[in-house]
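Subject: Structure handover

Hello,

Here is the structure for you to take over. Please open it first, then read the notes below.

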Amino acid sequence: MLSPLPRRPHHVSGPAAPPLKAGWRTLWRLMPYWRSQLPLLAVVVACSSVGVAVTVLAPVVVGRTVDGCIAGAAGGVSSLLLRNLAILAVMYAVALFVGWAQDYAMSVASQRVASALRSQMMSHVLKLDVAYFDSHGRGDVMSRFMSDVEQIRDGMGQTLVQVLSTVVTMLAMLVTMLTLSVPLTCATCLCVPLVVLLSRYVIRRSRSLFSRQQRATGRLTSVVEEGVSGIHTIRSLKADSLWAGSFAAANDEVRSVGAKAQVNSGVLMPMLRLLDNCSYMLVAVVGGLMAVGGAVSVGVIQSFLLYTRQFLRPVNMAATQVNVIQSALAGAERIFEMLDERPSVVNSSAPLASPQKNCGDVVFDDVSFSYPSGRKALSHVSLHVSPGQFVAIVGSTGAGKSTLVNLLARFYDVDAGRILVDGVDVRNYGVAALRQLMAIVPQEPTLFSESVAYNIWYGDVRRRSEADVAESAALAMAAPFVERLPGGYSERLSDDCALSTGQRQLLSIARAMHSRAPILILDEATSCVDSRTEELLQEAMENLSAGRTCFVIAHRLSTVRHADKIVVLDDGRVAEVGTHEELLRHGTLYKSLCDAVFS
């Protein structure tokens with residue numbers, strides 16, 4: 001027994017959380033990706049611990065050297081200086097090595113995290129509906145894969161190391177300073193609360209700006225991508241200035257928002273340096289007064305002066321990365337926003353992995369559909385297509401022709417009614433199993449930067465022998481021009497290859513023929529083919545349609561006149577159905593279409 005049909009969920013966005021809470025939530029969601037890199041993070045921790053030890057002990061050695069020189073060392077001042085300088089040289093050499101090892105381990109870990117994020121994003125994108133890409137520009141999606149992931153890789157990698165080093169270093173220094181002098185420790189730490197409050201204030205103000213900057217960058221990428229892909233249209237319409245204006249507006253937005261974000265975050269570092277200098281002067285004054293009274297030695301004061309610089313240095317270094325951190329969190333939010341999208345087209349709880357019979361019988365039973373925007377596309381459409389029938393779908397622009405075949409392929413789910421393929425509701429098939437029954441040729445041909453043979457057998461790796469590929473190309477009338485290419489079927493295609501739009505479409509049709517699917521869908525696939533090639537293609541399609549159910553959206557009379565059934569759509573409804581001769585005799589809308597368009 002078939003499982004219940006899946007309900008069509010809606011994309012719901014929750015209420016916006018306060019910026020700081022949202023930042024912590026985003027950071028928490030990133031943690032599982034870093035937990036998978038625990039071995040490398042352990043190396044980072046070990047190296048950081050050694051570096052912290054050097055950072056904490058070096059001022060102590062310097063202070064004792066100063067005290068020894070003042071008091072006069074037993075073995076001589078020169079011997080003391082040489083011995084302690086050698087100790088410091090070894091300590092700093094070790095610090096240099098562990099610093100390099102720490103950066104290397106962190107770089108490898110962050111690259112793996114970035115790779116894992118991209119893999120998850122790609123896996124999720126493959127599950128998303130066509131509706132998601134209708135509402136998001138290609139440049140925006142590309143920006144999430146590239147720019148946003150790079151921000152996370154750079155920002156979060158630096159942040160983890162910085163936070164780890166900051167916390168451990170400050171705790172170790174605090175303990176060491178307390179053992180040397182409590183009053184001087186209090187003087188050193190007096191500016192820390194001000195540093196924390198100032199950093200928190202700046203972060204709160206700049207976080208929303210960095211989020212806006214990432215979104216503006218995505219829009220800029222979309223403008224560039226659209227302009228580059230449509231450069232022929234822009235040049236032919238002499239619209240260079242319009243594209244330049246769109247680019248300038250998007251670029252100005254990135255510049256304006258980016259400048260505000262950088263200015264807001266950049267004010268932090270000068271303020272921290274001021275507090276650092278104030279802390280240094282305070283320790284010098286308090287230490288000098290204590291030294292006059294004999295409470296501390298000059299060496300201890302020297303150690304604390306070094307600690308003062310080093311105690312606030314981790315905080316200062318972290319502050320310099322505020323803009324990087326904010327960009328990383330903003331990028332992570334955009335990535336998780338995409339990962340939180342849920343497809344409306346989902347499998348039922350027990351989907352059919354393969355059809356019980358493979359005939360190509362299709363039934364539209366009182367189908368109605370509206371797009372997420374609310375636009376009504378189809379209303380109470382009922383239609384039966386028998387196996388092997390050649391069906392032409394015609395109608396004016398916006399009548400619902402492409403929507404009809406998109407629902408058949410289940411790029412969207414119907415709002416009401418049902419669509420049956422071989423007697424089974426399409427929502428009871430697994431999505432992949434359903435689409436294996438169909439070969440779709442879109443209006444705009446899509447080729448990949450691979451060989452001609454690869455583009456023909458793409459999607460059907462089982463039949464990629466040279467004979468199978470050549471047969472499919474011959475059926476699609478693509479063999480003559482392919483064999484004239486320098487590399488033949490091994491010729492690598494690219495954006496600048498010398499193939500016409502019609503030739504690209506022929507290769508796209510050859511790919512559909514190669515699939516041997518029982519249902520063939522051509523969405524105005526012959527619109528870019530010249531009349532002579534179309535005649536040859538009509539003959540090939542007649543041979544191909546034997547035993548296959550064919551849906552053809554056509555704007556040419558030569559495509560529809562030999563169809564077994566012509567479906568005329570008008571404003572989302574089936575207005576007329578019949579053969580070419582029947583509709584010319586009894587139809588009104590079809591006859592007017594023939595007079596106005598086809599002829």
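**Aromatic contacts**

Phe 448, Tyr 454, Trp 457 and Tyr 458 make up one aromatic cluster. Rings of Phe, Tyr and Trp (its six-membered ring) pair if their centres lie within 6.5 Å; planes under 30 degrees apart count as stacked, over 60 as edge-to-face and the rest as tilted.

Before going on, two notes on the source. This is a predicted model: local features need pLDDT of at least 70, side-chain atom pairs count only at pLDDT 80 or more, and totals for chains, interfaces and linings use all residues. Residues are numbered from 1 along each chain as its sequence is written, and side-chain values use heavy atoms, with hydrogens and water left out.

Searching the whole structure gives 9 aromatic pairs. Take Phe 97 and Trp 100: the ring centres are 6.3 Å apart and the planes stand at 35 degrees, so this pair is tilted. Phe 97 and Trp 100 are 3 residues apart in helix α3, so about one helical turn separates them. Helices (H or I, at least four residues) and strands (E, at least two) are DSSP runs, numbered from the N terminus. An α-helix has 3.6 residues a turn, so residues three or four places apart point the same way.

Are these two residues buried or exposed? Phe 97 is exposed, at 54% relative accessible area. Trp 100 is exposed too, with 54%. The cut-offs: buried means under 20% relative accessible area, exposed over 50%, partly exposed in between (1.4 Å probe, protein chains only).

Now Tyr 371 and Tyr 412. Their ring centres lie 5.3 Å apart with the planes at 90 degrees, so the pair is edge-to-face. This pair links distant parts of the chain, 41 residues apart. Tyr 371 is in the loop between β1 (362-370) and β2 (376-385). Tyr 412 is in the loop between α13 (401-408) and β4 (416-421). Both tyrosines, Tyr 371 and Tyr 412, are buried.

The charged end of Arg 29 sits over the ring of Phe 336, 4.2 Å from the ring centre. The test is NZ of Lys or CZ of Arg within 6 Å of the ring centre and within 35 degrees of the ring normal.

**Surface and helix contacts**

Val 50, Val 90 and Val 94 form a nonpolar surface patch, with about 210 Å² of accessible area together. Like charges are joined within 9 Å, nonpolar side chains (Val, Leu, Ile, Met, Phe, Trp, Tyr) within 5 Å. Areas come from the Shrake-Rupley method with a 1.4 Å probe; for residues, only the protein chains shown count as cover.

Val 90 lies in helix α3 (residues 77-125). Val 90 counts as exposed because its relative accessibility is 54%.

Gly 51 belongs to helix α2 (residues 38-71). Gly 51 is buried, at 18% relative accessible area. Between Gly 51 and Val 98 there are 47 residues along the chain, but their C-alpha atoms are separated by 6.7 Å.

Thr 217 sits in helix α7 (residues 192-229). At 19% relative accessibility, Thr 217 is buried.

**Covered helices**

How many residues of α18 are buried? The count is 12 of the 15, so α18 is largely enclosed by the rest of the structure. Among them are Gly 502, Arg 504 and His 514. Arg 516 follows α18 and has a positive phi, near 55 degrees.

α13 is mostly covered, with 6 of its 8 residues buried. These include Lys 401 and Leu 408. Just after α13, Arg 410 has a positive phi of about 60 degrees.

**Positive phi in loops**

Met 477 is a residue other than glycine with a positive phi, near 60 degrees. Met 477 lies in the loop between α16 (466-475) and α17 (479-483). Met 477 is partly exposed, at 25% relative accessibility.

Asp 571 has a positive phi near 55 degrees. Its loop runs between β9 (565-570) and β10 (573-578). At 63% relative accessibility, Asp 571 counts as exposed.

Best wishes

Notes: Patch = residues over 30% accessible without salt bridge, like charges linked within 9 Å, V, L, I, M, F, W, Y side chains within 5 Å. Salt bridge = Lys/Arg side-chain N within 4 Å of Asp/Glu carboxyl O.
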